[in-house]
Amino acid sequence: MSDYEIKFQRTVKRLNDTFKGKEISELNSDELKQFILDNFKTINRSAYYNSVKILNDILKHYNNEIEIDSKLYVEECVQTKDIQYFTKTEIINVCNALLNFQDKLIIYLLWNGVMGKEYCDILNMRVNDVAKDYSYININGRKFMCDDYMKFLVRGTIKQITYVKFVRNSEELLSPDTFDFNSSSPYLIKVKPSKRNSDGLRPMTSSALQRKLTKLQDIYLEECNEQIILSGLSLVKSGVLYQMFIKEVQDGIVWTIDEIDRYLKMTGHRIN
């Protein structure tokens with residue numbers, strides 16, 4: 001028996017156990033909605049959509065004419081654990097708690113939706129991609145406009161010579177040693193010089209950036225006694241949702257699924 005067949009039979013049994021004495025063909029929309037909310041909650045979006053597909057197949061098999069629109073319940077059922085929402089003021093406060101400009105810049109870029117596949121939009125960013133007045137950054141042929149705080153971080157990152165190790169109460173939190181960047185590196189986000197990266201001339205790797213975010217979580221916890229989540233996708237989603245909230249308040253937008261799809265395409269964000 002295939003995985004699909006197992007899930008099909010399991011869902012049929014669950015329906016029969018939930019609605020004892022009632023045929024599947026007789027179930028109404030309200031009953032099916034409650035069944036979905038009670039049984040399809042998950043942290044995996046793909047698992048949710050697969051469950052709804054199987055449920056629709058069951059309804060069709062048992063001659064129930066109702067077809068469930070999976071989009072109706074996705075926000076209630078898919079409960080992602082790796083996201084924390086920051087307002088603009090909150091994310092600036094997080095950045096200000098850190099020592100190094102490039103760490104602040106990475107976090108603020110992500111919150112502003114700059115990421116790319118495996119962080120490529122950040123890791124491949126070069127100093128000469130930045131406007132002389134720091135007003136914008138060229139990213140993949142388009143101009144990313146910098147607000148005042150972004151200008152401050154970009155300027156500081158370009159001018160920063162030494163990466164400073166975090167120290168608190170004379171106990172060093174695990175992080176790279178304090179070191180000087182290679183000033184010849186063309187990249188905005190520079191690395192600790194070593195033989196493996198041609199003495200600091202190569203770009204940072206995506207795995208190194210992800211490790212850095214995890215480390216910055218620990219530093220923030222040590223410094224501010226607050227546990228926060230810093231991952232690329234969670235920061236991007238946080239910033240997008242904040243901007244949507246601002247547009248809702250200022251422009252009176254009602255966020256339907258279609259409106260959200262149009263907004264994400266317009267802004268170039270490739271997220272669910």
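This is a predicted model: local features need pLDDT of at least 70, side-chain atom pairs count only at pLDDT 80 or more; totals for chains, interfaces and linings use all residues.
Asn225 sits in the loop that joins α9 to α10. The phi angle of Asn225 is near 55°, a positive value in a residue other than glycine.

Tyr119 also has a positive phi, near 65°, and is likewise a residue other than glycine. Most residues other than glycine have a negative phi. Tyr119 belongs to the loop between α6 (101-111) and α7 (120-123). With a relative accessible area of 7%, Tyr119 falls under the 20% limit and so is buried.

## A buried asparagine

Asn197 lies in the loop between β6 (179-180) and α9 (206-224). Its relative accessible area is 13%, so Asn197 is classed as buried. Apart from neighbours within four places in sequence, the contacts of Asn197 are with Val191, Lys192 and Arg202.

## Packing of α10 and α11

Two packed helices are described by the angle between their axes and the distance between the axes. For α10 (residues 232-251) and α11 (residues 257-267), the angle is about 115° and the axes are 12 Å apart. The crossing of α10 with α11 is right-handed.

On the α10 side the contact is made by Val240, Gln243, Met244 and Lys247, and on the α11 side by Ile260, Tyr263 and Leu264. By residue class, this contact comprises 5 nonpolar, 1 polar and 1 charged.

## Gly239 within α10

Helix α10 also contains Gly239. Is Gly239 buried or exposed? The relative accessible area of Gly239 is 2%, which is under 20%, so Gly239 is buried.

How many cavities of 30 Å³ or more does the model have? The count is 1 cavity. The largest cavity has a volume of about 80 Å³. It is lined by 11 residues, and those closest to its centre are Asn100, Asp103, Tyr163, Phe166 and Ile219.

The lining of the largest cavity is made up of 7 nonpolar, 2 polar and 2 charged residues.

Conventions:
Residues are numbered from 1 along each chain as its sequence is written. Side-chain values use heavy atoms; hydrogens and water are left out. On a 1 Å grid over the protein atoms alone, a cavity is a set of points where a 1.4 Å probe fits but cannot get out, and a pocket is an open set with protein on both sides within 12 Å along at least five of seven lines; lining residues have an atom within 4 Å of a point. Grid points are joined across faces, edges and corners, and a volume is the space filled by probe spheres set on the points. Ala, Val, Leu, Ile, Met, Phe, Trp, Tyr, Cys and Pro count as nonpolar, Asp, Glu, Lys and Arg as charged, and the others, Gly among them, as polar. Axes are lines fitted to C-alpha atoms, for helices over the stretch in contact, and angles run from 0 to 180 degrees between N-to-C directions. Helices (H or I, at least four residues) and strands (E, at least two) are DSSP runs, numbered from the N terminus. A crossing is left-handed if the near helix is turned anticlockwise from the far one by less than a right angle, and right-handed if clockwise. Contact means heavy atoms within 4.5 Å. Buried means under 20% relative accessible area, exposed over 50%, partly exposed in between (1.4 Å probe, protein chains only).
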